[in-house]
Amino acid sequence: QSTWGASFLFILLQMASAPAVATAGRMFVVGLTGGIASGKSTVAKILGRFGAKVLDADVLGHGLYEPSEPAFGQVVAAFGDDIVGADGRIDRRVLGSKVFGNPTEMKKLTDIVWPAIATTAQQRIAAMTPVDGEPNVAVLEAAVLLEAGWDSVVDEVWVVCADLDVARRRLMARNNLTEEAANARISSQMSNAERLARARTVIWTNGELEVLESLVEAQWRSLLERIRSPPA
């Protein structure tokens, strides 16, 4: 069975058996994740057009490197004053050279920034005021949503997937990589199978943009129906 056939079947099964969700007085939070070159950011933009309020975990993480943020001091203490650039901010390139390819150092960094990102995201979402007549859905877009344990702070996990050959071609074209380099980046991440096992909703992005928009719209409508029909 093709991934497209599986995707449409997945949607039909969800629409038929999806449990209702009660979120009175607060935003409903979708955690949107997917591997490199999966099309995750494209799906996030489509959801934004439908009315979702999208938070990008990467942007939140970059903000933590500002001197005014508590995580700034923790990161500098852990990795040294030489990661601070002339502008007083953490130089992500210098920091990256210390952690990439070194699992121990990378874990040291993520142990600092992942909880801080989760806290910031929760604060941003808590500050969003639900409005009658609007979708009142927040989307936390995060490549490492599952690895970081952020699925515990969202209501549903949505996984964006592309077949391996599709993701590889995209990555090679986008980043000007060799096939070997692209495969190395893809294999360094959580696999599609691992993500799918923890997904509430799956969106495949192998096809044209128009098809993807239809898939996302179907899932969006299904989500709104669940939110608007809480259990008795």
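Axes here are lines fitted to C-alpha atoms, for helices over the stretch in contact, and angles run from 0 to 180 degrees between N-to-C directions. Helices (H or I, at least four residues) and strands (E, at least two) are DSSP runs, numbered from the N terminus. You are looking at a predicted model, where local features need pLDDT of at least 70, side-chain atom pairs count only at pLDDT 80 or more, and totals for chains, interfaces and linings use all residues. Residues are numbered from 1 along each chain as its sequence is written, and side-chain values use heavy atoms, with hydrogens and water left out.

**Exercise 1. Describe how α7 and α8 pack.**

Step 1. Find helix α7 at residues 164-175 and helix α8 at residues 179-187; their axes lie 9 Å apart, at an angle of about 115°.

Step 2. List the contact (heavy atoms within 4.5 Å). From α7 come Leu164, Ala167, Arg168, Leu171, Met172 and Asn175, and from α8 come Glu179, Ala182, Asn183, Arg185 and Ile186.

Step 3. Sort these residues by class: Ala, Val, Leu, Ile, Met, Phe, Trp, Tyr, Cys and Pro count as nonpolar, Asp, Glu, Lys and Arg as charged, and the others, Gly among them, as polar. The contact of α7 with α8 then has 6 nonpolar, 2 polar and 3 charged residues.

**Exercise 2. Work out the strand order of the open sheet and what packs on it.**

Step 1. Strands pair if DSSP finds at least two bridges between them. Reading across the 5 strands gives β2-β3-β1-β4-β5, with parallel pairing.

Step 2. Look for strands that pair on one side only: these edge strands are β2 (53-56) and β5 (201-204).

Step 3. Check one pair in detail. Strand β1 (residues 28-34) runs parallel to strand β4 (residues 156-161), and 5 bridges join them. Thr33 stands opposite Val159 in β4.

**Exercise 3. Describe the largest cavity and the largest pocket.**

Step 1. On a 1 Å grid over the protein atoms alone, a cavity is a set of points where a 1.4 Å probe fits but cannot get out, while a pocket is an open set with protein on both sides within 12 Å along at least five of seven lines; lining residues have an atom within 4 Å of a point. Grid points are joined across faces, edges and corners, and a volume is the space filled by probe spheres set on the points.

Step 2. Take the cavity. About 30 Å³ of space lies in the largest cavity, and its lining has 7 nonpolar, 1 polar and no charged residues. Among the lining residues are Val29, Gln122 and Leu140.

Step 3. Turn to the pocket. The largest pocket has a volume of about 1600 Å³. Of its 48 lining residues, Asp58, Phe100, Ala143, Val144 and Gln189 lie nearest its centre.
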